[in-house]
Amino acid sequence: MDWVMKLEKLGALKWDKVVHGNQAWRLITCIWLHAGVIHLLANMLSLIFIGIRLEQQFGFSTLSVPFCNGSVLSSLFIQRSIFVGASGALFGLLGAMLSELLTNWTIYTNKAAALITLTVIIVINLAVGILPHVNNFTHIGGFLTDFLLGFVLLLRPQFGWVGRKHLPAGARVTSKHKAYQYLFLVIAMVLLIFGFTVGLVMLFRGENGHDHCSWCHYLSCVPTSKWHRGN
């Protein structure tokens, strides 16, 4: 189709172009392209509503760090189609919100309610990804990457440290962050470096993710006879 060829020329993510055409830049450019006005508006509105809370709390400079959009994982498992869209970044914000809640757990009042609400939203959105013609691997990749990145970028000072200015001279000052926050940060950094290293090595060696995970195709599309007839 003409529009597919145009998207490919503009920088859509395509496995053979990345691996055999030395066009790794497509892992980034695909996030700025969309398959139509409706696709663009849906992604942008979702990003605004989800990202506004994080930007208010942590500022534009923190959220301007380029969150991964799941392109690497998508390329490993979907190699016969092109991909465009910012939905990976959208799921990345959901992952960042979850890790932000966990790493700043002690400063929240309604902890259980916040965790349950966010978990339900994440599960519903990931479940939508198993519908045909939806690239759920980029959703999962963006979610997992920014879930880990949130432990690194979205730390908040604890209550004891925030109130240090009101303490008398010579009083013991509470540590800015809890020990578990530093532990989460270190673990997240190790997993991020390891995951990206393994993913990129597999990608540029031309490996297919399904060869290493026989059941992973169910994460993106659950095959049924009705969906098959409709394609």
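Leaving aside its neighbours within four places in sequence, with which residues is H217 in contact? The residues are F137 and H210, where contact means heavy atoms within 4.5 Å. The legends below treat this and other views of a predicted model, in which local features need pLDDT of at least 70, side-chain atom pairs count only at pLDDT 80 or more, and totals for chains, interfaces and linings use all residues. Residues are numbered from 1 along each chain as its sequence is written, and side-chain values use heavy atoms, with hydrogens and water left out.

**Figure 1. Overall arrangement of the protein.** The protein contains 12 helices and two strands; helices (H or I, at least four residues) and strands (E, at least two) are DSSP runs, numbered from the N terminus. The order of elements from the N terminus is α-β-α-α-α-α-α-β-α-α-α-α-α-α. Of the 231 residues, 39% are buried; buried denotes under 20% relative accessible area, exposed over 50%, and partly exposed in between (1.4 Å probe, protein chains only). Among contacts with a separation of 6 or more, 76% join residues 24 or more positions apart.

**Figure 2. Segments annotated in UniProt.** An unreviewed UniProt entry places the feature "transmembrane region" at residues 24-51, 84-105, 112-131, 137-155 and 182-204. UniProt positions are given in the numbering used here, feature names are shortened, and annotations may be inferred rather than shown by experiment. Over residues 24-51, the chain is 68% helix and 0% strand, with the end C-alpha atoms 27 Å apart. For residues 84-105 the corresponding values are 77% helix and 0% strand, and the end C-alpha atoms are 35 Å apart.

**Figure 3. Packing of helix 7 against helix 9.** Helix 7 (residues 87-103) and helix 9 (residues 136-153) pack at an angle of about 35°, and their axes lie 6 Å apart. Axes are lines fitted to C-alpha atoms, for helices over the stretch in contact, and angles run from 0 to 180 degrees between N-to-C directions. The two helices form a right-handed crossing; a crossing is right-handed if the near helix is turned clockwise from the far one by less than a right angle, and left-handed if anticlockwise. Helix 7 contributes residues including F91, L94, L98 and L102 to the contact, and helix 9 contributes residues including H139, F143, D146 and F147. The contact residues comprise nine nonpolar, 10 polar and one charged; Ala, Val, Leu, Ile, Met, Phe, Trp, Tyr, Cys and Pro count as nonpolar, Asp, Glu, Lys and Arg as charged, and the others, Gly among them, as polar.

Figure 4. With 17 residues, helix 7 reaches 24 Å from its first C-alpha to its last, close to the 24 Å expected at 1.5 Å a residue; the expected span is 1.5 Å times one less than the number of residues. Helix 7 is mostly covered, as 16 of its 17 residues are buried. L115 belongs to helix 8 (residues 111-128) and is partly exposed, because its relative accessibility is 26%. Apart from neighbours within four places in sequence, L115 is in contact with L98, L101, L102 and W105. L115 and M97 are 18 residues apart in sequence and 9.9 Å apart in space, C-alpha to C-alpha.

**Figure 5. The loop between helix 11 and helix 12.** H217 lies in the loop between helix 11 (179-204) and helix 12 (225-230) and counts as partly exposed because its relative accessibility is 31%. H217 and N136 are separated by 81 residues in sequence and by 9.7 Å in space, C-alpha to C-alpha. S220, also in the loop between helix 11 and helix 12, is buried at 8% relative accessibility. Neighbours within four places in sequence aside, S220 is in contact with residues including I78, G129, N136 and F137. G209 lies in that loop between helix 11 and helix 12 as well and is buried, with a relative accessible area of 3%. With neighbours within four places in sequence left aside, G209 is in contact with L76, F77 and Q79.

Figure 6. G11 is found in the loop between helix 1 (2-10) and strand 1 (13-14) and is buried at 0% relative accessibility. Not counting residues up to four places away in sequence, G11 touches W25, R26, T29, C30 and L33. N22 is located in the loop between helix 2 (15-19) and helix 3 (26-29) and is exposed, with a relative accessible area of 69%. Although N22 is not a glycine, its phi is positive, at about 55°. Most residues other than glycine have a negative phi.
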